[in-house]
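User: Could you walk me through this structure? I'd like to go from one local spot to the next and ask things as they come up.

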Amino acid sequence: MVEAPQVFAPAESPLEKLPVEVLDEIIGQLALDSPPSGYTPRNVDLVNCLLTSRTMHVATINTLYSNITIPHSSIFSKFLTHVSEHPGLGTIVKRLDLSHFTSIGLGRSRQVNSEVQNMTSRTLLKCLELTPAIQEVLLQENLDDDIDENVLCKLFFGLPKLKAVDFCASSSKPFAESFTSAVTTLIDSQMNLGLRRLSLHECFTLPSSVFEILLPRLPQLTHLDVSHTRITDNALASIPESSSLSHLNLGRCTQISGRGVVDFLTSHPAATNLVFLNLACDIARYRLLWEVDVERLLPALPSTLRSLNLNGAKIRRWHVPLVRPLTKHLEELSLAYADLTVHDINSLFRPGPLSSSPSSSPSSSPPSSPISSPTRDYSVTEESPAPWIEPSLHYLDLSSIPAITQSSLFSASCILLSPTSMPLEVIELGDKAISSLRECRNTNKRLGWVVKELGRRGWYVRDANAAGGNQSGRRSWKMGAMWWGMRKCPVAWGEVGGLYGHYMFKK
């Protein structure tokens, strides 16, 4: 005999009688953290909960309006209209995510969208005024013409609870002029800003003076992404000592020097607890770290570090004894363009003696650098061997290293593809090596590795179905990103997509 379902009076069901904190947590599980896709409705389950009862409506509305993701101008217009009619909803908003916003949709051009006037500097400013408790604002290059001086002043000075802001790839001339004008107002002021996480990733049109004015006003800074900007040594050194940086991205910054960066990383109090550090450079244009810089930097890096990008640094085989201790706590290590052999890289994954002197390599010339001292001793000596600790590397970037080819990876002398290298699961390689590996389908299958490509990048990945396959890439320091090898600092927790995904993993 089937029992009839029990019927409860309004607000009397067991679910509705749960403590508010517990009910919020349950409903929060229904919120989709995945990036929007086209015009498909999102969070349908949450919308259905709104219609269940008064109790469920109140609990659901907090979750639904806490994190607002805007992929299109029409959705932005609907949101702005609704919040204008119900101002109380605006006080619930904690995050405004425009990282997926595109001006192209429904067959419209960017010019036509601008004429529609759904997303403009005026409507964006109004949106910020209606969300006074907002804590995170995620912007990007598709909006840079709409981020005027009034919007910037509101972000910097008019939102006291704002903790994170991202201007990813905003580089238009109007944006640079507005940003400069807004920041210049701080010159004669003693005001400090409450921002903790700031991304100016690829904002390469901002003048150096902006960083020298802005950074000293950020005493609580924890995340700073200034990749491919005009930040200078002076601006970097001006970061307040009260800051505690966990994420720092200085990749492709041509206005800083190796000496200035190393001085900051080895002596500044804000750099003692780093978790993510990107010092990559484009060697076709310049080299940030020379041999002397590498020797100074590596021994001083903190044990808290989990991701280190040294792409383009002048790393020679006698630096390997300085690199190997880092592999015991690093999970990501990028060594593109390093002057290393297969034997040198093998030594990161197995115990044994290391060649640590420049003279041990007959083909290597003595270290040289624009700032090196001719009397400095570059040899590295090891004390009595310590007990072997297995490396913690999951990702290794070996792009553009001449010794790393399809044939060298498959050779018996290379242990990178063997179980010995575990937990290594991702090896990033250059175009030539990836193209060769792509043709070796049978060998890849036998070894338990597969080729994966996205945008301009290619990886050789340990097959998850093979014995000892890869594990989840989720880590707290990635703030929601699942893949290995990210090149853009996240400033807010969440799944990565849209333009942020492009700059983080495709470029």
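**Walking through the model**

Analyst: Let me start with Glu-202, which sits in the loop between β5 (197-199) and α10 (208-214); helices (H or I, at least four residues) and strands (E, at least two) are DSSP runs, numbered from the N terminus. This is a predicted model, in which local features need pLDDT of at least 70 and side-chain atom pairs count only at pLDDT 80 or more, while totals for chains, interfaces and linings use all residues. Residues are numbered from 1 along each chain as its sequence is written, and side-chain values use heavy atoms, with hydrogens and water left out.

User: What is the phi of Glu-202?

Analyst: Glu-202 has a positive phi of about 65°, although it is not a glycine. Most residues other than glycine have a negative phi.

User: And is Glu-202 buried or exposed?

Analyst: Glu-202 counts as buried because its relative accessibility is 5%, where buried means under 20% relative accessible area, exposed over 50%, and partly exposed in between (1.4 Å probe, protein chains only).

User: What about Tyr-337, where is that one found?

Analyst: Tyr-337 is in the loop between β10 (332-334) and α15, and its phi is also positive, near 70°, in a residue other than glycine. With 39% relative accessibility, Tyr-337 counts as partly exposed.

User: Changing topic, how many aromatic pairs are there?

Analyst: The structure holds 10 aromatic pairs; rings of Phe, Tyr and Trp (its six-membered ring) pair if their centres lie within 6.5 Å, with planes under 30 degrees apart counted as stacked, over 60 as edge-to-face and the rest as tilted. One of them is formed by Trp-459 and Trp-483, whose ring centres are 6.4 Å apart with planes at 70°, so this pair is edge-to-face.

User: Where do Trp-459 and Trp-483 lie in the chain?

Analyst: They link distant parts of the chain, 24 residues apart, with Trp-459 in strand β14 (residues 457-462) and Trp-483 in the loop between β14 and α19 (498-506). Trp-459 is buried, at 7% relative accessible area, whereas Trp-483 is partly exposed, at 45%.

User: Which residues do ring pairs link into a cluster?

Analyst: That cluster is made of Phe-156, Phe-157, Phe-167, Phe-175 and Phe-179.

User: Where is Ser-392, and what does it touch?

Analyst: Ser-392 is in the loop between α15 (342-346) and β11 (395-397), and it is buried, with a relative accessible area of 19%. Leaving aside residues up to four places away in sequence, Ser-392 touches Thr-327, Lys-328, His-329, Leu-330, Glu-331 and Pro-423, where a contact means heavy atoms within 4.5 Å. The C-alpha atoms of Ser-392 and Leu-330 are 6.0 Å apart in space, although these residues are 62 apart in sequence.

User: What kind of peptide bond joins Met-422 and Pro-423?

Analyst: The bond joining Met-422 and Pro-423 is cis, with omega about 15°, and Pro-423 itself lies in the loop between α16 (406-410) and β12 (426-429). Most peptide bonds are trans.

User: Last one, how confident is the predictor, and where is pLDDT under 50?

Analyst: The mean pLDDT of the protein chain is 87, and 86% of its residues reach 70 or more; pLDDT is the predictor's confidence in each residue, from 0 to 100. Residues 359-369 stay under 50, and the model has 16 contacts for them beyond four places in sequence. Residues 378-382 are also below 50, with 17 contacts in the model beyond near neighbours in sequence.
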